[in-house]
Amino acid sequence: MEEVLKTIQHITQRYGKDVLLEKRFLNIFNDLYPDRMDKEVHALLSCMYEKGYLKQILKARKRSLKKEVTLISNSLVKDGHAEKDVQQLLRAIVVGIGVATKQEYSDILNGGATNSESSNVALTITRYALLVLLMAVVIAMPYLYIRSLSILWPIFPITIIIAFCFIVYIAFYRKLSDKWSAFQNGCFNGSMFCLSALLAIFPLWASENSDCGLFYYWSPGYTKEQTDAWFLTMMCSLVVGLLLWATPLMAIIITSIDKKPSKAYKLKMVCGFVSAIICYFICIYPILTKPYNQKKAEINAYNQRIQELKQNRQKINKSLSFCGIQLGDSFERCLSVVRANMNSPELMSGKYAGLDSDYSMVIDNKDYSLIVDSIIKAKTSWDNQDVNVYVYFNKGVNVAIKVTELTQDPLPLFISKYGRPEEDPILDLDYNKTLASNVENDQIQYIRESDSYLNHRGNNRWTFKNSIIFIESDEYILYLSRNCEKLYSEYEQYTEKLEQEKRKQEQIKYQRQQREEAIERKREEDNHKRAINEI
């Protein structure tokens with residue numbers, strides 16, 4: 001039966017073990033088996049295929065092999081086949097497809113102990129360990145590339161070293177690939193595909209996206225000018241990537257041509273290939289998203305902090321005053337204080353507020369000076385500087401104080417007394433802009449905790465329960481009563497009502513004009529007809 005053993009080994013090496021599950025196995029065996037006149041072998045193989053014994057042997061494990069062989073042998077003997085022929089053919093099939101070696105088969109049937117099961121497990125673990133090591137290197141490649149930018153590693157030596165290691169690994173793989181399962185071969189080819197794609201694409205992408213926030217996050221000290229000298233690196237990496245890309249492609253082609261694998265073998269290989277790619281993207285995902293998620297968390301924490309500050313401050317009543325003038329005071333008291341402590345007091349109507357920007361009080365695109373009916377203007381000295389003071393009234397009550405002509409920055413004084421001003425939340429969470437927060441970026445600044453940032457802001461605000469402080473750069477200071485918000489809302493409703501009434505009157509006027517024009521046209525038509533009849 002040695003010829004039977006060699007024939008089966010040749011078939012499984014070329015077509016894969018799963019070919020035993022297909023009917024063409026019998027035809028292939030008939031074509032290759034030297035002693036075609038041995039009808040007993042052909043009859044036994046046909047019987048084993050039809051009864052599914054070949055499938056049982058193919059799926060058998062060493063620990064259950066003796067039981068499977070005994071059951072199959074007894075069944076075939078009962079069917080009238082010679083026991084000796086049955087035993088020899090079973091031995092040839094088991095050894096030929098690699099379920100066990102000759103010695104292991106003999107030990108199993110004789111009841112002897114064997115370590116083949118543990119050694120086979122160790123071999124499988126070794127293969128998967130090599131695949132895990134390969135995947136780890138593939139996953140680490142983007143990180144190595146990025147890190148090399150900040151410490152100025154020459155990247156092309158890294159690429160050459162990695163290429164050399166993989167050439168050695170490929171040679172090892174090509175030598176032992178026949179002993180690897182279809183799934184393991186697929187995993188290897190999938191990993192090689194990911195590595196080759198990475199080596200070919202990443203340097204090109206990095207040179208075109210040198211300002212990506214990933215580089216600033218993973219590579220401290222990085223400047224985008226460092227990617228300007230990447231030409232040699234890109235060419236080297238591209239060539240290595242293309243060469244490595246050819247490896248899984250050639251492996252798949254060779255396997256398809258030489259072995260003519262079964263559908264089941266192809267399916268397992270595809271599953272391994274896809275599994276390796278999916279595993280790669282799952283593992284590479286944290287490298288790509290961790291910087292963004294961390295910055296996003298910082299932004300959310302910052303937004304929550306400023307929101308809490310704003311809410312807590314709005315629960316506090318704060319009485320605001322300037323040089324003895326307090327919000328909510330009557331017109332008479334404010335006028336007496338101005339005449340006693342300030343120079344050049346002037347009284348004027350509130351109608352000037354909408355005509356001169358010096359009198360305006362704009363916050364959030366709302367000009368609160370439109371609700372004012374009278375203004376007191378004066379000059380005084382404050383914090384070693386001469387300033388103009390505007391006191392605004394609505395129905396005889398002081399609703400706002402504005403200080404202009406500032407020559408010094410008032411922000412430090414107000415911070416020391418009222419705390420840090422409120423800041424707008426950061427809403428822009430664009431991937432690159434968020435990651436680029438380590439660079440100068442007006443929309444996403446994490447230096448907001450420092451006063452140097454506040455000095456460059458256009459406006460600063462403190463919102464209390466009953467009042468608002470508003471500083472427009474170094475141009476003016478504004479104290480505003482929160483009652484102005486209600487008064488301004490009423491003013492908007494009143495002006496909207498006036499606008500609606502005006503539009504209504506214009507509509508009525510237009511309709512009246514249209515009717516008059518229609519009557520006039522009718523009269524002209526009647527006169528024209530009358531003139532025709534009189535001719």
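I began with strand pairing in this predicted model, and found that five bridges join β9 to strand β10 (residues 467-472), the two strands running antiparallel. Looking up one of the pairs, I noted that Arg 461 has Phe 470 in β10 as its bridge partner.

I then traced the sheet as a whole, which is open and consists of seven strands in the order β3-β6-β7-β8-β11-β10-β9, with antiparallel pairing. Because β3 (343-349) and β9 (459-463) stand at the edges and have a single partner strand each, one side of each is left without a neighbour in the sheet. On average, neighbouring strands here are turned by 15 degrees against each other, with direction ignored.

Next I asked which helices lie across these strands. Helix α15 (residues 411-418) lies across β6 (374-382), β9, β10 and β11 (476-481), and runs at about 25 degrees to β9. Helix α18 (residues 483-533), for its part, lies across β7 (385-394), β8 (397-404), β10 and β11, with an angle of about 80 degrees to β11.

I turned to the nonpolar cores, and in the largest of them, which has 36 residues, Met 48 and Ile 93 touch the most other members. The elements giving two or more residues to this core are α1 (2-15), α2 (24-32), α3 (39-50), α4 (53-59), α5 (62-78) and α6, and the largest share, seven residues, comes from α6. Leaving aside residues up to four places away in sequence, I listed the contacts of Met 48 as Tyr 53, Leu 54, Ile 57, Ile 72, Leu 76, Leu 89, Leu 90 and Ile 93. There is also a second, separate core of 32 residues, which includes Ile 146, Ile 162, Phe 188 and Ala 276.

At 1.5 Å a residue, the 14 residues of helix α6 (residues 83-96) should span 20 Å, and the end C-alpha atoms are 20 Å apart, so the two values agree. The buried residues in α6 are Val 86, Leu 89, Leu 90, Ala 92, Ile 93, Val 94, Val 95 and Gly 96. After α6 comes Gly 98, which has a positive phi, near 85 degrees.

Last, I noted values for the whole protein, which has 18 helices and eleven strands. Of its 535 residues, 41% are buried, and the protein exposes about 30,300 Å², of which carbon and sulfur atoms supply 55%. Among contacts with a separation of 6 or more, 68% are between residues 24 or more positions apart.

Key. Residues are numbered from 1 along each chain as its sequence is written. This is a predicted model: local features need pLDDT of at least 70, side-chain atom pairs count only at pLDDT 80 or more; totals for chains, interfaces and linings use all residues. Side-chain values use heavy atoms; hydrogens and water are left out. Helices (H or I, at least four residues) and strands (E, at least two) are DSSP runs, numbered from the N terminus. The expected span of a helix is 1.5 Å times one less than its number of residues. Buried means under 20% relative accessible area, exposed over 50%, partly exposed in between (1.4 Å probe, protein chains only). Two strands pair if DSSP finds at least two bridges between them. Axes are lines fitted to C-alpha atoms, for helices over the stretch in contact, and angles run from 0 to 180 degrees between N-to-C directions. Contact means heavy atoms within 4.5 Å. A nonpolar core is a set of buried Ala, Val, Leu, Ile, Met, Phe, Trp, Tyr and Cys residues joined through side-chain atoms within 4.5 Å. Accessible areas come from the Shrake-Rupley method with a 1.4 Å probe; for residues, only the protein chains shown count as cover.
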